[in-house]
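This report is intended for a reader meeting the structure for the first time. Please keep the sequence and the model at hand while reading.

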Amino acid sequence: MDFFMQLLVGGLSTGFVYGLSAMGFVMIFKSSSVLNFAHGELIAIGAYFFLIFVTWAKLPLVLAFLFTLFACFLLGILIERIFLRPLIGENLIFVIMLTVGLAAMFRGLILLFWGGNLYTYPDFLPKALGVDRGIVHIPPVYMATLIIGIFFLIVFGIFFKFFSQGIYMRSVADNQRAALSLGVNVRRVFALSWAIAALVAGMSGVVLGVINGINVHNLSAIGLKVFPVVILGGLDSIIGAIIGGLIIGVLETFTGGYLSTSLRDVVPYIILVIILLVKPYGLFGLTEIERV
Amino acid sequence: MKKFQLHPCGNFYEDYEKMLTVFSTDFGRVWAAIGLVILFLVPLMPVSPYLIYVMNITGVAVIAAVGLNILTGFAGQLSLGHGAFFGLGAYAGAILGTTLHVPMLLSILGAGLITAGIGMIFGAPSGRLKGLYLTIATLAGQIIIEYVLIHWESLTKGTMGLTLPVPVFFGFRFQGDIPFYYLIFAFTALMIWIAINLIRTRFGRAWIAIRDNDRAAEGMGIPIFTYKVFAFAISSFYAGFAGALWAYYMGSITTEPFNIMLSVEYLAMVIIGGLGSISGSVFGAVFITMLNELLRLITDFLMNSAIGSHLGLTIAPLREFFFGAAIVLFILFEPRGLAEEWRIIRSSFRLWPFSY
């Protein structure tokens with residue numbers, strides 16, 4: 001039973017991190033129906049920005065974190081301005097392939113500047129944040145993740161429901177041309193959604209960097225793990241991303257604990273294929289009834 | 001003797017048959033024949049074995065890229081698992097050749113068929129869903145296949161890799177660059193010929209209809225699921241065939257090269273060459289293989305020279321960057337790829353001096 005509880009808590013913790021990483025991905029899909037294959041690289045870039053600000057610029061932590069978020073926000077706007085704006089109104093398949101290209105570009109650049117080495121941040125989280133009751137042991141970083149994740153969940157929920165920009169985003173995702181003709185500023189919507197997505201990705205990059213250390217290969221692999229998470233939760237549901245993340249995380253640790261460690265990394269994708277065959281719109285996704 | 005035909009300045013098709021011809025004039029037919037003869041004679045000329053090697057791997061890449069173009073360019077389904085299917089074909093061919101002692105040509109064909117069968121499994125989600133979801137399913141396919149190749153050790157020997165037997169035909173040991181040059185050359189020509197003709201049949205027209213508007217295609221009575229899965233099977237067949245050919249050429253294989261980067265590389269070939277154009281995938285495969293070799297040569301050169309060895313190590317990751325940049329630049333500035341450039345060059349010659 002102890003082992004079970006350990007695995008469950010461990011799985012829920014990693015799962016929440018997955019969910020947090022998936023949030024930025026869902027953000028982009030929700031506003032532009034684009035599958036962002038460069039998400040893992042955005043996560044990695046966030047982690048490296050924080051590394052620069054903390055270890056090389058030696059800024060205080062809060063300031064470094066804010067700077068990282070700001071830099072990611074700017075990067076998102078830049079990506080939209082340079083690469084995606086020319087493609088407004090083009091076939092979606094081109095935009096998706098563009099993100100595949102961007103992913104390769106970013107990975108190459110990160111490898112060029114930092115190489116494949118593992119970096120770590122200095123330990124900065126207060127110990128008091130952690131939970132340590134009997135067998136349930138949660139390190140401080142996961143508690144921090146939980147707080148950040150719930151905060152963003154509430155903010156995004158309110159944003160998409162009540163703010164005009166959030167509603168514009170949903171309208172653009174639903175039908176770009178109709179939104180354009182009704183006077184929605186599609187450019188601004190795209191810029192904003194990419195900026196916010198890059199910000200969230202950067203933030204989850206910092207969290208992941210604290211947990212596992214910073215290595216471009218590991219971080220961009222998380223970008224691929226986002227896919228099972230969002231397919232399980234439903235591609236356009238932010239709460240689905242979190243819940244999908246939790247389920248995938250728990251399944252991963254259970255497979256690792258009870259079956260075999262090497263199977264651990266491939267289980268999410270097996271689930272992904274099964275979900276696609278059985279319930280393609282996921283648990284919370286919007287079902288589009290369109291028979292082709 | 002038939003009258004030798006040249007291009008007219010405009011479009012004077014009188015019936016559908018004329019639009020479907022592969023060579024609209026004898027001029028193109030003659031040039032294609034001349035090109036084939038020159039390619040046939042290349043190994044007889046005093047060229048370095050390195051050039052033959054590059055041409056061989058280009059030929060294999062052409063087969064795989066043509067396969068991906070059938071799926072992505074004609075049927076409109078984006079695949080991110082082509083590299084894994086290539087690897088699957090390589091392993092299927094190697095296992096057929098080593099454990100079951102199947103002759104080379106049969107095992108290459110068998111590898112293609114096995115890959116096609118497994119490709120259909122991963123293509124099945126496309127029956128319920130449109131475009132985006134198939135991309136995700138193929139991504140899952142890439143990761144699952146890679147995992148199986150590494151971990152099914154009793155069959156694939158895991159990370160140790162497999163060594164293929166040297167095929168023997170009538171006492172002749174089939175080995176080295178030049179015999180394989182002719183084999184790959186013949187197969188590449190054959191596969192291109194099959195692809196071009198497949199596009200002209202009802203299958204090709206159905207794929208193009210599905211790509212352009214799937215609801216309209218369904219309305220016209222095209223069974224979409226069947227045709228999508230069929231496109232997937234054909235594309236996987238090409239990948240598996242090319243993979244097995246590559247495995248026999250290389251002589252030994254490991255799981256290492258068949259990662260997601262290879263899938264991106266094939267996607268880059270198809271996009272750079274031009275989606276929906278068979279000649280485009282040939283251009284794309286040549287372009288990417290050349291880029292690959294060029295970057296490798298530069299890195300090697302810098303590593304061997306005294307001053308640049310550090311620089312050579314640093315710019316090694318730039319290979320990935322250049323692939324990405326090539327994809328991005330082509331999508332932004334020439335989404336129809338090199339095939340479109342080639343068409344523009346050709347028609348500007350044809351229409352000269354009155355270019356309108």
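Val286(B) is partly exposed, because its relative accessibility is 31% and the class between buried (under 20% relative accessible area) and exposed (over 50%) is called partly exposed, with a 1.4 Å probe and protein chains only. Val286(B) sits in helix α13 of chain B, residues 278–304; helices (H or I, at least four residues) and strands (E, at least two) are DSSP runs numbered from the N terminus. Its C-alpha atom is 19 Å from that of Ile194(B), 92 residues away along the chain. For Phe174(B), 112 residues from Val286(B) in the chain, the C-alpha separation is 25 Å. Phe174(B) belongs to the loop between β3 (172–173) and α8 (177–200) of chain B, and with a relative accessible area of 10% it is buried.

The model is predicted, so local features need pLDDT of at least 70 and side-chain atom pairs count only at pLDDT 80 or more, while totals for chains, interfaces and linings use all residues. Residues are numbered from 1 along each chain as its sequence is written, chains are lettered from A and ligands numbered from 1 in the order in which they are written, and side-chain values use heavy atoms, leaving out hydrogens and water.

**Aromatic pairs**

Over all chains, the structure holds 36 aromatic pairs. Rings of Phe, Tyr and Trp (its six-membered ring) pair if their centres lie within 6.5 Å; planes under 30 degrees apart count as stacked, over 60 as edge-to-face and the rest as tilted. Phe203(B) and Tyr227(B) make a tilted pair, with 5.7 Å centre to centre and 55° between the planes. Phe203(B) lies in helix α9 (residues 202–212) and Tyr227(B) in helix α11 (residues 224–250) of chain B, so the pair ties together parts 24 residues apart in sequence. Phe203(B) is partly exposed at 30% relative accessibility, whereas Tyr227(B) is buried at 9%.

Phe287(B) and Phe330(B) form an edge-to-face pair, 6.1 Å centre to centre with 80° between the planes. This pair links distant parts of the chain, 43 residues apart: Phe287(B) is in helix α13 and Phe330(B) in helix α15 (residues 318–333) of chain B. Phe287(B) has a relative accessible area of 32% and is partly exposed; Phe330(B), at 16%, is buried. One aromatic cluster is formed by Phe86(B), Tyr91(B), Trp246(B), Phe258(B) and Tyr266(B).

**Salt bridges**

The structure holds 10 salt bridges over all chains, a salt bridge being a side-chain nitrogen of Lys or Arg within 4 Å of a carboxyl oxygen of Asp or Glu. Three of them are listed here.

| Pair | N to O distance |
|---|---|
| Arg85(A) and Glu80(A) | 3.4 Å |
| Glu320(B) and Arg107(A) | 2.5 Å |
| Glu340(B) and Arg343(B) | 3.3 Å |

Glu320(B) lies in helix α15 of chain B and Arg107(A) in helix α4 (residues 92–114) of chain A, so this pair joins two chains. Both Glu320(B) and Arg107(A) are buried. Arg85(A) is partly exposed at 22% relative accessibility, while Glu80(A) is buried at 0%. Glu340(B) and Arg343(B) are separated by about one helical turn because they are 3 residues apart in helix α16 (residues 337–351) of chain B. Glu340(B) is buried at 14% relative accessibility, and Arg343(B) is partly exposed at 42%. A network of salt bridges links Lys225(A), Glu252(A), Arg264(A) and Asp265(A).

**Helices of chain A**

Helix α10 (residues 238–259) of chain A has 22 residues and should span 32 Å at 1.5 Å a residue, which agrees with the 31 Å between its end C-alpha atoms; the expected span is 1.5 Å times one less than the number of residues. Ser237(A) caps the N-terminal end of α10(A), a side-chain oxygen lying 2.8 Å from the backbone nitrogen of Gly240(A). Helix α2(A) is mostly covered, with 14 of its 18 residues buried. Just after α2(A), Lys58(A) takes a positive phi of about 55°.

**Further features of chain B**

His101(B) likewise has a positive phi, near 55°, in a residue other than glycine. His101(B) occupies the loop between α4 (82–98) and α5 (104–123) of chain B and is exposed at 63% relative accessibility. Asn56(B), in helix α3 (residues 49–74) of chain B, is buried at 1% relative accessibility.

Methods. A polar contact is a pair of N or O atoms within 3.5 Å; within protein, one must be able to donate a hydrogen and the other to accept it, and residues adjacent in sequence count only if both atoms are side-chain atoms.
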